Every structure is written in structure tokens, then in C-alpha cells.
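Subject: The structure you asked about

Hello,

Here is the structure for you to look through. Have it open while you read, and I will walk you through what was found.

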Amino acid sequence: MAYPHTLDGVDFDARPIQIRRIGTRDLWQSLRQGYDDFCARPSFGAFVILIYPLFALLFTLALRGEGLLYLAFPMVAGFALLGPVVSVALFEMSRRREAGLELSWRAAFGFVHSDRFAPILALSLVMMLLYVAWLVLAESLYMGLFGANPPATVGEFAERLVTTESGFALILYGNVIGILFAFAALAISVVAFPLLLDRRVSMLSAVGTSIRAVTFNLYVMLLWGLVVGALFALGAALFLIGLAAVLPILGHATWHLYRRLIL
């Protein structure tokens with residue numbers, strides 16, 4: 001059953017969209033509120049514990065078996081591009097907590113029965129295409145520098161990276177390209193996903209609003225991107241287990257950041 005104007009009794013906000021200028025204090029407050037939301041329903045991060053790290057580890061192992069070890073880092077790092085996609089239910093949980101509604105797994109995915117699901121799904125597909133484009137470009141970069149000769153072992157791959165000019169070039173160009181992709185993902189999605197849950201707008205309108213909000217607060221949003229990247233890297237460095245806490249907290253925090261950016 002679809003709910004064209006409400007989602008479990010919460011009216012969609014029909015006010016005109018206005019973008020607010022924020023400061024660094026808003027970032028830290030959003031993180032604190034995100035942590036509070038996570039503590040209020042810590043078990044909700046179970047899907048990250050069970051699926052997200054396992055998915056990354058299995059893909060890394062599969063790549064090693066297929067001789068595509070050089071794509072392991074881009075694949076794991078690129079998962080940050082999909083963070084907003086897997087965080088939609090977290091945004092909904094924070095939204096429901098604000099409204100004093102039930103906090104449960106079923107309720108968090110209630111948006112799939114509303115007219116908000118179609119634009120959210122469309123934007124999710126856009127983010128997945130961005131992730132695929134990142135992997136294709138990463139592979140093309142490696143092939144351009146090393147040719148069609150994939151490393152057989154982790155040791156061989158590491159040796160290529162740190163002892164050859166091509167390896168240093170791969171590190172440099174790969175990181176520059178990765179930063180550009182990460183910024184694109186941030187600009188496209190940081191406001192768009194929560195906006196689609198909160199208001200009756202199209203996907204294109206939500207993406208446009210997100211890009212304007214980021215450019216209007218460029219310095220602060222670049223800092224937010226660095227915070228997200230640093231926390232993501234920390235979680236991934238802990239054999240991806242740290243992501244079980246990092247991703248839910250960042251997901252909830254993104255909702256509160258949206259609340260500060262959009263009036």
C-alpha cells in the first residue's frame with residue numbers, strides 16, 4: 001500500500017527549500033547527535049556488521065583468486081561512494097526518532113511503501129554507476145601504467161607500488177582521481193537522500209539542491225568530506241570491523257547535517 005503524502009503519520013515537508021550557511025560547529029554537533037541516535041538504537045547497525053564488512057572481505061578474496069588484486073583497494077575504498085545508499089534506512093531512523101515514532105527494522109524500511117521509494121532507488125542506481133565508473137577508471141589507470149600483467153601475490157603488488165616509478169604514479173593519480181570521485185559523490189548525495197525522505201521532490205531536484213548546498217558551504221563540506229574519509233579509513237583499517245560503528249554514526253549524523261543545511 002502506498003502513502004502518497006505521509007510516511008507512518010509524518011507529513012512530508014512542503015515548504016520551499018532554502019539552503020542555510022553552516023559552520024564547523026554544526027559538523028561536530030551533527031556527529032554528536034548521530035552518536036546519540038546510534039546509542040539509542042545500537043542494534044540497528046547489525047546490518048553493517050553482518051553484510052558490509054563481509055561483502056568487502058569476500059570481494060577482496062575473490063579478486064585475489066581472479067588475479068585482480070590490484071583492484072582490491074579501489075573496490076574497498078570505493079564502497080564509500082555507496083555509503084549514502086546503505087544509509088537511507090539510518091536517515092529514516094533518525095527522522096522517526098525526531099518525530100517520536102517507533103524505532104524498528106520494519107519501520108526504518110517503511111519508505112519502500114511510499115512514493116519516495118522510486119526517486120531514492122533512482123539515485124541509488126546513479127551512485128552505483130558512479131562506483132562502477134570508479135572501478136573501470138582504476139583498472140584503466142593500472143593497465144596504462146603496468147600493462148596487462150596483474151600481480152600474482154600481495155608481495156609482488158606491494159613491491160611494484162613502492163619500488164617503481166609506475167607504482168608512485170599509480171598512488172598519486174589514483175588518490176587524485178579517488179578524491180574527485182569522493183567529492184562528486186558527496187555533492188550529489190549528502191543532501192539528496194535525506195531530502196527525498198523529507199520532502200516531495202524529484203531526484204533531479206534533490207541532486208541539484210545537494211550540489212548547491214555543498215557549493216554554498218564549500219569549505220565546511222570539504223571538511224565534512226575529510227572527516228568522513230578519515231573515519232571510514234579508520235574503520236576499514238580495523239579489518240573493516242570498525243565500519244560497524246562508523247557507518248551508522250555517520251549515517252545518522254548526515255541526517256542531522258541535512259537538517260542544518262536545509263530550511
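First, some housekeeping. This is a predicted model, in which local features need pLDDT of at least 70 and side-chain atom pairs count only at pLDDT 80 or more, while totals for chains, interfaces and linings use all residues. Residues are numbered from 1 along each chain as its sequence is written, and side-chain values use heavy atoms, with hydrogens and water left out.

**The whole protein**

The protein has 14 helices and two strands. Both kinds of element are DSSP runs numbered from the N terminus: helices are H or I with at least four residues, and strands are E with at least two. Of the 263 residues, 47% count as buried. Buried means under 20% relative accessible area, exposed means over 50%, and partly exposed is in between, using a 1.4 Å probe and protein chains only. Among the contacts with a separation of 6 or more, 77% are between residues 24 or more positions apart. A contact here means heavy atoms within 4.5 Å.

Helix H8 covers residues 117-146, which is 30 residues. From its first C-alpha to its last it reaches 43 Å, close to the 44 Å expected at 1.5 Å a residue. The expected span is 1.5 Å times one less than the number of residues. After H8 comes Gly147, whose phi is positive, near 80°.

How do H8 and H10 cross? Their axes come within 10 Å and cross at roughly 170°. Axes are lines fitted to C-alpha atoms, for helices over the stretch in contact, and angles run from 0 to 180 degrees between N-to-C directions. H8 is therefore roughly antiparallel to H10. For such labels, angles under 35 degrees count as roughly parallel, over 145 as roughly antiparallel, 65 to 115 as roughly perpendicular and the rest as oblique.

The H8 residues that meet H10 include Leu123, Trp134 and Phe146, and those on the H10 side include Tyr173, Ile177 and Phe181. By class, this contact has 17 nonpolar, five polar and no charged residues. Ala, Val, Leu, Ile, Met, Phe, Trp, Tyr, Cys and Pro count as nonpolar, Asp, Glu, Lys and Arg as charged, and the others, Gly among them, as polar.

Not counting residues up to four places away in sequence, Ser124 touches Val85 and Phe193. Ala122 is also found in H8, and at 29% relative accessibility Ala122 counts as partly exposed. Ala122 and Leu204 are 82 residues apart in sequence and 9.8 Å apart in space, C-alpha to C-alpha.

**H9 against H10**

H10 (residues 165-189) also packs with H9 (residues 154-163), at an angle of about 85° and with their axes 5 Å apart. That makes H9 roughly perpendicular to H10. Arg160, Leu161 and Val162 of H9 make the contact with Gly167, Phe168, Leu170 and Ile171 of H10. These residues divide into five nonpolar, one polar and one charged.

**Helix H6**

Helix H6 (residues 88-99) has twelve residues and reaches 17 Å between its first and last C-alpha, close to the expected 16 Å. H6 is mostly covered, with nine of its twelve residues buried. Among them are Phe91, Glu92, Arg95 and Arg96. Gly100 follows H6, and its phi is positive, near 75°.

**Helix H12 and Thr209**

The 14 residues of helix H12 (residues 203-216) should span 20 Å, and its end C-alpha atoms are 20 Å apart, which agrees. Which residues of H12 are buried? They are Ala206, Val207, Thr209, Ser210, Ala213 and Val214. Seen down the axis of H12, these buried residues fall within an arc of 160°, so they line one face of the helix. The arc is that of the directions from the helix axis to the C-beta atoms.

Thr209 of H12 counts as buried because its relative accessibility is 1%. Leaving aside its neighbours within four places in sequence, Thr209 is in contact with Ile17, Ile19, Val191, Leu195 and Ile262.

**One last residue**

Arg25 is found in helix H1 (residues 24-40) and is exposed, with a relative accessible area of 63%. Arg25 and Val220 are 195 residues apart in sequence, while their C-alpha atoms are 9.5 Å apart in space.

Best wishes
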